[in-house]
Amino acid sequence: MSDATTDTFRGSCLCGAVSYEITGAPMRVAQCCCSDCQKLTGTGHATIAFFNEATCTIAGAVSSYEKVADSGNTISRDFCPTCGSRLFGRGSGRPGMIGINVGSMDGDCADRLQPQAVVFAARRHPWDLLDEALPQFPAMPPIPKK
Ligand SMILES: [Zn+2]
Ligand SMILES: [Zn+2]
């Protein structure tokens, strides 16, 4: 079954207790090299797609970790309490927007997305190899709403 024409994206955590479905194209797909993403993922960056939160349906209970960012905004990050998979992020500075960790998407859905930028590139590690053709931003530039 292909959703290539319907812009539906599905995914889940590792154990399957939490799943989600989103309709509509993402506002941005970014390789995020911020320190939080590095700690959260244990890797050099997180690949995050930002969607209109109203189009996202989540099944299953998540746990959430909140942190005040350097900007003063509160960032909450949802993860599966059973398997620990990092799934969703929301920021008080970006109301109505949800960030999804693209690696949690089902393969065919994740493969339809194309990273558009490297954000928080100032924090990028030299060993974290990314597409050098992507525009790089030292922090997070504003996301245009769709
Ligand atoms: Zn899980
Ligand atoms: Zn980040």
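Of the 146 residues in the protein chain of this predicted model, 30% count as buried. A compact globule with 146 residues would have a radius of gyration near 15 Å, and the chain agrees with this because its own value is 15 Å. Taken along the principal axes, the box filled by the C-alpha atoms is roughly 40 × 30 × 30 Å. Contacts can also be sorted by the distance in sequence between the two partners.

The mean pLDDT of the chain is 93, and 95% of the residues reach 70 or more. Among the elements, strand S5 (residues 56-59) has the highest mean pLDDT, 98, while helix H2 (residues 107-110) has the lowest, 92. In general, where pLDDT is low, the predicted coordinates should not be read in detail.

The secondary structure consists of ten strands and two helices. Along the sequence, these elements follow the pattern β-β-β-α-β-β-β-β-β-β-α-β. Strands of a sheet pair through backbone hydrogen bonds, in either a parallel or an antiparallel sense. Here, seven strands form an open sheet with mixed pairing, in the order S6-S7-S8-S9-S4-S3-S10. Its edges are strand S6 (63-68) and strand S10 (117-119), each of which pairs on one side only. From one strand to the next, the twist averages 30°.

The sheet may now be followed strand by strand. Strand S7 (residues 74-79) pairs with strand S8 (residues 86-91) in the antiparallel sense, over five bridges. Within this pair, Ser76 stands opposite Arg90 of S8. S8 also pairs with S9 in the antiparallel sense, over two bridges, and Gly89 has Gly99 in S9 as its bridge partner. The hairpin of S8 and S9 has five residues between the strands, and in this hairpin Gly96 takes a positive phi near 80°.

Strand S9 (residues 97-101) is largely enclosed by the rest of the structure, because four of its five residues are buried. S9 is also joined to strand S4 (residues 46-52) by five bridges, and these two strands run antiparallel. In this pairing, Ile48 has Asn101 in S9 as its bridge partner.

Which residues have the most contacts inside the largest nonpolar core? They are Cys32, Cys33, Ile48, Ala49, Phe51, Leu87 and Ile100, in a core of 27 residues. Strand S2 (19-23), strand S3 (28-32), S4, S8, S9 and S10 each supply at least two residues of this core. The largest share, five residues, comes from S4. Ala49 illustrates the contacts in detail: leaving aside neighbours within four places in sequence, Ala49 is in contact with Pro26, Val29, Ile100, Val102 and Leu113.

Most residues other than glycine have a negative phi. Phe120, although not a glycine, has a positive phi of about 55°. Is Phe120 buried or exposed? Phe120 is buried, because 22 other C-beta atoms lie within 10 Å, and the cut-off for a buried residue is 20 or more.

Key
Residues are numbered from 1 along each chain as its sequence is written. Chains are lettered from A and ligands numbered from 1 in the order in which they are written. This is a predicted model: local features need pLDDT of at least 70, side-chain atom pairs count only at pLDDT 80 or more; totals for chains, interfaces and linings use all residues. Two strands pair if DSSP finds at least two bridges between them. Axes are lines fitted to C-alpha atoms, for helices over the stretch in contact, and angles run from 0 to 180 degrees between N-to-C directions. A residue is buried if 20 or more other C-beta atoms lie within 10 Å of its own, exposed if 12 or fewer, and partly exposed in between; C-beta atoms are placed from the backbone. A nonpolar core is a set of buried Ala, Val, Leu, Ile, Met, Phe, Trp, Tyr and Cys residues joined through C-beta atoms within 7 Å. Two residues are in contact if their C-beta atoms, placed from the backbone, lie within 7 Å. pLDDT is the predictor's confidence in each residue, from 0 to 100. The radius of gyration is taken over C-alpha atoms; the globule rule is 2.2 Å times the number of residues to the power 0.38.
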